[in-house]
Amino acid sequence: MAFSPSVITCQAPAKCRICETDRPIKWKCIDCDNLLCNHCKEKVHPNLKNTENHRVVNIKDVGQPTAVELNISKQYQTELSTVGYMSYCHDDSLWINNITEKVLQRVKPEGTKLNILSSFNIKVYGMAVTQTNNLLISTNGKKLKQISNTGTLTDSGYNVSPFLPTAVHITSDNKVLVIGVNSDYPKPGRRVVILMNENGDHERVYEHDQHKQTISNNPKNITSTSNGNIHVVDKVSDHRLRVVVLGQGGDIINIYTGDKEINKDRSFLPTDIVTTPRDNVIVADMNTDTLHILNNVGLLMTCYKTSDRNIIYPRSLAFSPTGQLYIGCNRINRSTTKKVKLYEMTISGC
């Protein structure tokens with residue numbers, strides 16, 4: 001059964017909250033909760049006291065209530081203590097890894113078992129499967145590595161110099177998004193998001209927002225939606241993480257910091273983020289055994305407790321082309337079970 005959702009809802013009033021005329025309502029300010037007409041959004045709201053950093057979104061993009069249901073189709077035993085990253089291949093195999101153990105495996109679900117097709121002893125900081133079914137991985141060096149269908153490991157044409165690559169994501173139009181960090185990371189330094197075309201050209205580097213502030217402190221994971229928005233899991237401190245949503249122009253259009261009820265006693269700990277077939281976004285919150293489901297501008301639609309399905313510490317996420325959701329887990333502290341499971345789920349409503 002799904003967790004009782006904490007959602008953002010919206011019912012448009014007949015009049016703008018500021019001018020109170022009959023102009024059509026087009027916008028909502030997330031921070032001051034005002035619904036605005038075009039005129040007040042452009043001419044009045046920006047001039048109100050302390051509104052320079054307010055987030056104004058199209059009323060159509062405000063998160064709507066939704067009922068989400070997940071059911072376990074199959075579960076598989078892995079040979080890993082943690083499934084840190086996961087990517088689905090076009091031949092129905094999966095790449096899974098454990099960064100601590102330096103293990104990267106390509107596995108094929110067969111019955112209730114995972115048949116290991118290939119295995120590499122390599123430390124992987126991020127990975128994504130291309131349209132041609134090759135795996136791009138970030139490891140040592142400033143170039144992404146590539147593993148072909150035949151299992152050959154080579155340099156790819158994606159160079160993020162002068163940065164080191166971490167998280168990798170393939171967009172819906174087959175471009176490559178990479179998080180880049182300074183070469184002496186984890187020391188303080190530059191943190192960027194790089195958009196590259198299929199030739200490896202840097203089409204855009206996202207580093208500062210509209211107020212010339214850095215868009216992220218310590219970006220960890222990344223995904224994108226078909227409207228061009230980029231969703232970045234950002235670590236602000238050891239106990240404070242968030243999801244930063246960038247618009248096509250690179251401006252921050254929303255910041256999600258968790259649900260006020262679910263994360264009241266346990267901090268928001270997003271460990272992975274993935275885009276759904278309906279172009280929404282799911283964030284795995286390992287600290288509360290929760291999936292936070294956002295729309296494509298980063299507004300909360302609903303939450304789902306994976307513990308309702310006895311799935312504890314959801315760590316990594318991946319979707320198949322047919323819409324099955326795969327959840328890889330983290331080992332439970334003090335558990336006598338050293339190897340974790342991977343779950344294949346049917347999901348509806350998002």
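How many aromatic pairs does the structure hold? It holds three aromatic pairs. This is a predicted model, so local features need pLDDT of at least 70, side-chain atom pairs count only at pLDDT 80 or more, and totals for chains, interfaces and linings use all residues. Residues are numbered from 1 along each chain as its sequence is written, and side-chain values use heavy atoms, with hydrogens and water left out.

**Aromatic rings**

- Rings of Phe, Tyr and Trp (its six-membered ring) pair if their centres lie within 6.5 Å; planes under 30 degrees apart count as stacked, over 60 as edge-to-face and the rest as tilted.
- One of the pairs is Y88 with Y326: the ring centres are 5.5 Å apart and the planes stand at 35°, so this pair is tilted.
- This pair links distant parts of the chain, as Y88 is in strand β5 (residues 85–88) and Y326 is in strand β26 (residues 325–329), 238 residues apart.
- Strands here are DSSP runs (E, at least two residues), numbered from the N terminus.
- Y88 and Y326 are both buried; buried means under 20% relative accessible area, with a 1.4 Å probe and protein chains only.
- Y256 and F268 also pair: their ring centres are 5.4 Å apart and their planes are at 85°, so the pair is edge-to-face.
- Y256 lies in strand β20 (residues 252–256), while F268 lies in the loop between β20 and β21 (270–275), 12 residues apart.
- Both Y256 and F268 are buried.

**A charge over a ring**

- The charged end of K41 sits over the ring of W27, 4.3 Å from its centre.
- For this, NZ of Lys or CZ of Arg must be within 6 Å of the ring centre and within 35 degrees of the ring normal.

**Cysteines**

- The structure has zero disulfides (pairs of cysteine sulfur atoms within 2.5 Å).
- C303 is buried at 1% relative accessibility, and C350 is buried at 7%.

**Around S156**

- S156 lies in strand β12 (residues 153–159).
- S156 is buried, with a relative accessible area of 7%.
- Leaving out residues up to four places away in sequence, S156 touches L136, K143, L144, K145 and Q146; contact means heavy atoms within 4.5 Å.
- The side chain of S156 reaches the backbone oxygen of L144 at 2.7 Å.
- A polar atom of the S156 side chain lies 3.1 Å from the backbone nitrogen of Y158.

Terms used
Helix = DSSP H or I, 4+ residues; strand = E, 2+ residues; numbered from the N terminus. Buried < 20%, exposed > 50% of the residue type's maximum accessible area, 1.4 Å probe, protein only. Polar contact = N/O pair within 3.5 Å; in protein donor to acceptor, adjacent residues only side chain to side chain.
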